[in-house]
Amino acid sequence: MALKRILTYGTFDLLHYGHIRLLRRAAAMGDYLVVALSTDEFNAGKGKQSYYDYETRKEMLEAIRYVDLVIPEENWAQKATDIEEYHIDTVVMGGDWAGSERFEYLKDVCEVVYLDRTPGISTTKIKENLELNG
């Protein structure tokens, strides 16, 4: 029987318990979890800057037992290629992406599942709190 392969995308900056819960839930949906991690260059193109650089974020993700493989996310258009190359069965994203054209078209080639985010936590909220208390 073939492994059920799951793929998720993200920046995973300031790794927190919401990220861990998302990764645990995604991993539980299959046998092998691939995380496509936004590169620093891709984030810059989106107007985002991470606290940690790509290599540091990759190292942290690789240390999490739910994660089997970390690959670079370099552009919006690579998703279909990732699905084919890594034999992905299901793409899992946070619920805030539900209905987005960035992911909906993938339903033609694999299952797409949106998971609710963990209430009360986000990287944005952490950064805002640090600025207030800094």
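1. A salt bridge here is a side-chain nitrogen of Lys or Arg within 4 Å of a carboxyl oxygen of Asp or Glu. D40 and R57 meet this criterion, their closest N and O atoms being 2.9 Å apart. D40 lies in helix α2 (residues 40-45) and R57 in helix α3, so the pair ties together parts that are 17 residues apart in sequence. Helices (H or I, at least four residues) and strands (E, at least two) are DSSP runs, numbered from the N terminus.

2. Some ground rules. This is a predicted model, in which local features need pLDDT of at least 70, side-chain atom pairs count only at pLDDT 80 or more, and totals for chains, interfaces and linings use all residues. Residues are numbered from 1 along each chain as its sequence is written, and side-chain values use heavy atoms, with hydrogens and water left out.

3. Next, the burial of the first pair. Buried means under 20% relative accessible area, exposed over 50%, and partly exposed in between (1.4 Å probe, protein chains only). The areas come from the Shrake-Rupley method. D40 is partly exposed, with a relative accessible area of 31%. R57 is buried, at 0% relative accessibility.

4. How many salt bridges does a search of the whole structure find? There are six. Side chains of opposite charge can pair when their charged atoms come close. One of the bridges joins K58 and E62, at 2.7 Å from N to O. K58 and E62 are four residues apart in helix α3, which separates them by about one helical turn. E62 counts as partly exposed, at 44% relative accessibility.

5. Another bridge links E73 and K79, with the closest N and O atoms 3.4 Å apart.

6. Y54, R57, K58 and L61 are buried in α3. Seen down the axis of α3, these buried residues fall within an arc of 100°, so they line one face of the helix. The arc is that of the directions from the helix axis to the C-beta atoms. E55 and E59 are exposed on the other side of α3. An α-helix has 3.6 residues a turn, so residues three or four places apart point the same way.

7. Two backbone angles deserve a look. F12 is in the loop between β1 (5-10) and α1 (17-28). The phi of F12 is near 50°, a positive value in a residue other than glycine. L14 is found in the loop between β1 and α1 as well. L14 also has a positive phi, about 45°, although it is not a glycine.

8. On the surface, R21, R24, R25 and R65 gather in a patch of positive charge. Patches are made of residues with over 30% relative accessible area and no salt bridge, with like charges joined within 9 Å and nonpolar side chains (Val, Leu, Ile, Met, Phe, Trp, Tyr) within 5 Å. Lys and Arg count as positive and Asp and Glu as negative, while His and the chain ends are not counted. The place of a charge is taken as NZ of Lys, CZ of Arg, CG of Asp or CD of Glu. R65 lies in the loop between α3 (54-62) and β3 (69-73). R65 counts as exposed, at 71% relative accessibility.

9. T39 and Y54 are 15 residues apart in sequence and 5.6 Å apart in space. T39 sits in the loop between β2 and α2, and is buried at 7% relative accessibility. A36 and L69 are 33 residues apart in sequence, with 8.5 Å between their C-alpha atoms. A36 belongs to strand β2 (residues 32-38) and counts as buried at 0%.

10. Y52 has its place in the loop between α2 and α3. Y52 is partly exposed, with a relative accessible area of 30%.

Technical notes. Areas by Shrake-Rupley, 256 points an atom, 1.4 Å probe, with all protein chains shown as cover.
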